[in-house]
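Visitor: I have a model open and would like a quick walk through it. Can we start with the strands?
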Amino acid sequence: MGDPPSARLTMLFSDIEGSTRLLNQLGSAYPEVLATHRRILRRAFERARGREVGTEGDSFFVVFGSAADAAAAATEGQQSLEAHQWPDGSAIRVRMGLHTGHPEPFEDNLVGLDVHVAARVSATAHGGQVVLSRATVEELADRLPPGTSLLDLGVHRLKDIVDPQRLCQLVIPGLPSTFPPLRSLGAPGNLPTPPAPLVGRDAELAAVGALLTTGDRRLVTLTGFGGAGKTRLSIAVAQELAPSYPDGVHFVDLSAATDDAVAWRTLAETLGRSSDTEVELLEHLRDRKVLLVLDNLEQLPGAGAAAVTRLLGSTVCLRLLATSRRPLRVVGEQEYPVPPLGLPAALHATPTVEWAGRAESVRLFVQQARLADPDFELSDDNVADVVAVCRRLDGLPLAVELAAARVRLLSPSALLDHLDEALGLPLAGHPERQRTLPATVSWSYRMVGADEQRAFRALAAFGNTGGTFDALSAVLDVRSSISAVSGLLDAALVRVDDDPAGPRVRLLQTVRSVARELAAEGGELDDRQRRHADHYVALAERGAERMKGPDAIAGRGSIELEMDNLRAALDWSLGDGPGNDPPDEGRVATGIRLCTALGWYWYVTGYDAESRRWLERASRAAAEHQGPELADLLHSFALLLLQRGDDGRARDVLAKSLVLWRRAGDRTGEAKALNSLGVAYRSLGDTDRARVLLQQSVDVARSLDNLQRQATALTNLALLEIDAGRPEAALPMLAEAERLDLELGNAWGVAADRVNQAAALLASTRPAPAMALLRDLAASVTEHGDPDLTLGVIELLAYAASTVGDHTRALRLAACADEQRTVGDLPLTDLDRAFLERQLSASRQALGDAAAEADREGRALTVPCALGEAAEIALA
């Protein structure tokens with residue numbers, strides 16, 4: 001070849017893959033195999049006019065005068081090795097690398113950078129694979145060996161080689177064409193190395209990866225709250241997909257870019273082409289298979305939509321993974337909202353370390369807490385507090401990190417008490433806008449317009465579950481809030497949750513505290529809370545009215561759905577005013593209206609402890625009021641006192657409400673108070689006084705033609721007859737009460753009437769008609785949402801089972817009801833307990849020692865299972 005100094009040569013390096021393994025496998029036969037391998041390759045090299053520069057062990061270094069000769073030698077050598085019959089079924093796989101350049105002669109060898117490049121190219125290959133550098137491919141042009149082709153393997157970084165190299169594979173007929181990824185340092189890129197492993201996010205990693213690798217999507221935008229973990233997820237996705245992008249994966253931090261010009265300049269600098277114009281940069285990217293991670297696009301005008309559109313429109317293989325608090329709104333964009341981390345599932349038992357550790361948010365808390373305090377451990381002592389912290393923070397990763405970073409100063413228990421302060425302390429290692437949670441929220445808040453900001457501040461008045469579009473519109477005093485919510489959703493400041501009753505707009509708890517501060521600073525918080533309370537008072541009053549008629553279940557459901565907002569309205573109306581001043585009369589009046597509207601709902605649904613707190617608070621706030629509003633409030637309070645067995649106090653409260661209603665000339669209120677006073681005296685054992693009061697209630701109701709008050713008082717008069725051992729006398733009264741309730745469409749009242757009829761029938765030793773009623777009730781009573789009524793049915797089923805000798809079942813059902821009453825703080829009245837005991841004592845006597853086992857089994861029985869036993873009670 002003449003070999004003038006620095007002649008342009010194509011260098012081939014080869015070696016056997018797994019030679020040490022072969023040596024161990026073949027033992028004494030290995031030297032002959034090695035010699036055969038050398039003879040085969042030397043024949044191929046010589047036929048292509050190659051010159052052997054060096055040989056060591058199982059490797060060759062050969063140079064050729066042309067790339068075509070080198071490719072021909074590699075092709076023949078690989079095919080001959082593949083065709084040879086090797087001993088013991090072994091296979092000799094040789095990897096080869098070709099590079100064209102100007103090696104420098106030195107003594108009897110060749111040296112220089114190109115020699116190192118050739119060696120590194122060969123080192124990337126697998127056994128049976130021939131890898132070529134771009135210089136060799138360009139030299140080959142159209143002179144490929146017959147039947148072969150080229151496969152572009154993309155750009156790769158090679159050990160100790162500064163410039164990345166584009167590599168191709170020579171696909172040879174008769175040899176494998178598919179190999180694992182090259183053994184290079186990977187494609188060019190600059191993905192940051194996160195300070196800690198990614199916690200969870202398995203589903204999100206898989207989903208985003210699939211979006212970028214299947215179909216024709218070229219742009220995926222990760223959206224979500226500031227601090228939701230968008231950047232961390234994007235890096236993890238890019239790391240997993242890097243092998244699929246041979247021309248590189250690049251992370252472009254655009255947090256400092258405020259316009260498109262700065263964004264283009266940042267992109268060019270990231271790609272190492274800082275001198276390129278926009279046109280030159282696009283030309284460079286045109287045909288390259290590159291993944292760009294564009295981080296923090298939200299602060300660019302139009303969220304960088306123009307730059308992204310240009311990138312996609314001017315390239316063929318480019319893929320973009322963007323992060324932004326708002327979607328870009330460009331053609332072809334696939335938005336992927338990044339949710340907060342998973343929270344521990346609902347658990348009624350004591351939380352355990354194993355159970356809590358399954359939740360991503362708890363695992364992140366522990367990881368970050370250990371960075372602050374290496375000795376931190378999730379334990380039985382702190383697991384409940386850690387779970388509570390994560391729930392309070394809605395699983396928002398940044399918030400969890402901020403809280404966990406304080407464990408050296410505050411225990412998890414103390415964190416709960418100082419959570420807002422902990423979230424406001426700066427966290428090192430984060431951008432300025434994310435060093436505190438308020439800073440993160442404020443960053444997004446400043447990005448939206450005045451209408452959106454106003455809606456964001458108004459949402460501070462709502463409870464944890466947020467509200468409907470109509471509710472937000474009412475608080476804002478506008479016709480529609482949809483446009484403002486759309487802007488807030490795009491800026492990742494709100495969540496819109498699907499609900500059977502319609503979409504609900506809400507703030508995360510951690511975000512709502514910032515919204516509340518902003519509303520207070522603007523002097524509008526109290527007005528928003530007033531409008532919010534007015535809206536939900538009206539909703540509660542409509543629901544309460546519906547609960548009195550055929551639409552009772554839907555009415556109760558409408559209240560149940562909004563309990564968080566009703567609590568927020570109660571807290572505002574019955575709490576301190578601005579500057580901790582006592583609430584004004586308007587606020588107190590709102591609170592009284594709300595308690596009055598909720599009184600019946602609280603009574604039938606068993607919100608006993610909570611409702612007592614609100615009613616006592618309302619009573620204190622309304623101490624100066626002496627009108628019918630206070631009478632309603634006191635009456636609701638008294639009903640709850642009766643329900644929990646505080647009969648003496650209930651009597652005194654009801655006496656005051658009767659005086660107030662009579663003073664106001666409110667005859668309907670008077671009938672109501674007389675009835676409830678009669679119930680209180682019945683419970684206290686003064687049946688004569690009770691009968692007088694109940695009859696007075698009936699008389700007043702009839703004078704008003706008030707069917708509801710008549711039905712209620714007649715039912716309670718009938719109960720006095722059952723107490724007195726005259727159940728037959730009670731049945732006509734109960735039948736009349738049922739007729740009136742049916743006419744009113746009062747489904748709950750009808751159910752209560754039938755429960756009392758069943759009791760009267762059992763007391764009069766008529767079990768057959770009683771069981772017919774009870775079987776129907778067992779199938780439907782839970783629809784009314786009244787736990788006291790439901791337990792009454794179970795207790796009467798126990799009574800019925802006892803009358804027919806099914807003693808074990810009777811005691812099991814009675815124990816189930818007693819356990820549920822204990823848990824729900826719904827005690828039986830002494831009269832009702834005596835009624836049951838008259839019959840159940842026979843079952844206890846019949847079972848003897850076995851009664852205790854029946855009681856134990858019954859206390860583990862669920863309410864649905866207990867009701868299901870109605871069909872199994874066989875009458876004699």
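**Strands, helices and cavities**

Guide: In this predicted model, strand S1 (residues 9-16) and strand S3 (residues 59-64) run antiparallel and are joined by five bridges.

Visitor: Which residue in S3 does Met11 stand opposite?

Guide: Met11 stands opposite Val63.

Visitor: What is the strand order in the open sheet?

Guide: The open sheet has seven strands in the order S2-S3-S1-S4-S7-S9-S8. The pairing in this sheet is mixed.

Visitor: And which are the edge strands?

Guide: Strand S2 (51-56) and strand S8 (149-156). Each of these pairs on one side only.

Visitor: By how many degrees are neighbouring strands turned against each other on average?

Guide: By 20 degrees, with direction ignored.

Visitor: Which strands does helix H2 lie across?

Guide: Helix H2 (residues 30-47) lies across S1, S2, S3 and strand S4 (94-101). The helix runs at about 5 degrees to S3.

Visitor: What about helix H3, which strands does that touch?

Guide: Helix H3 (residues 67-83) packs on the sheet and touches S1, S3, S4, strand S7 (130-133) and strand S9 (165-171). The direction of H3 makes about 175 degrees with that of S4.

Visitor: Changing topic. How do the axes of H18 and H19 cross?

Guide: The axes of helix H18 (residues 450-458) and helix H19 (residues 469-476) cross at roughly 100 degrees and come within 10 Å.

Visitor: Which residues are closest to the centre of the largest cavity?

Guide: Leu254, Ala263, Leu294, Ala307 and Leu311, out of 13 residues that line the cavity.

Visitor: Which elements give two or more residues to that lining?

Guide: Helix H8 (260-270) and helix H10 (305-313). H8 gives the most, with four residues.

Visitor: How does the lining of the largest cavity divide into nonpolar, polar and charged?

Guide: Eleven of the lining residues are nonpolar, one is polar and one is charged.

Technical notes: Residues are numbered from 1 along each chain as its sequence is written. This is a predicted model: local features need pLDDT of at least 70, side-chain atom pairs count only at pLDDT 80 or more; totals for chains, interfaces and linings use all residues. Side-chain values use heavy atoms; hydrogens and water are left out. Axes are lines fitted to C-alpha atoms, for helices over the stretch in contact, and angles run from 0 to 180 degrees between N-to-C directions. On a 1 Å grid over the protein atoms alone, a cavity is a set of points where a 1.4 Å probe fits but cannot get out, and a pocket is an open set with protein on both sides within 12 Å along at least five of seven lines; lining residues have an atom within 4 Å of a point. Ala, Val, Leu, Ile, Met, Phe, Trp, Tyr, Cys and Pro count as nonpolar, Asp, Glu, Lys and Arg as charged, and the others, Gly among them, as polar. Two strands pair if DSSP finds at least two bridges between them. Contact means heavy atoms within 4.5 Å.
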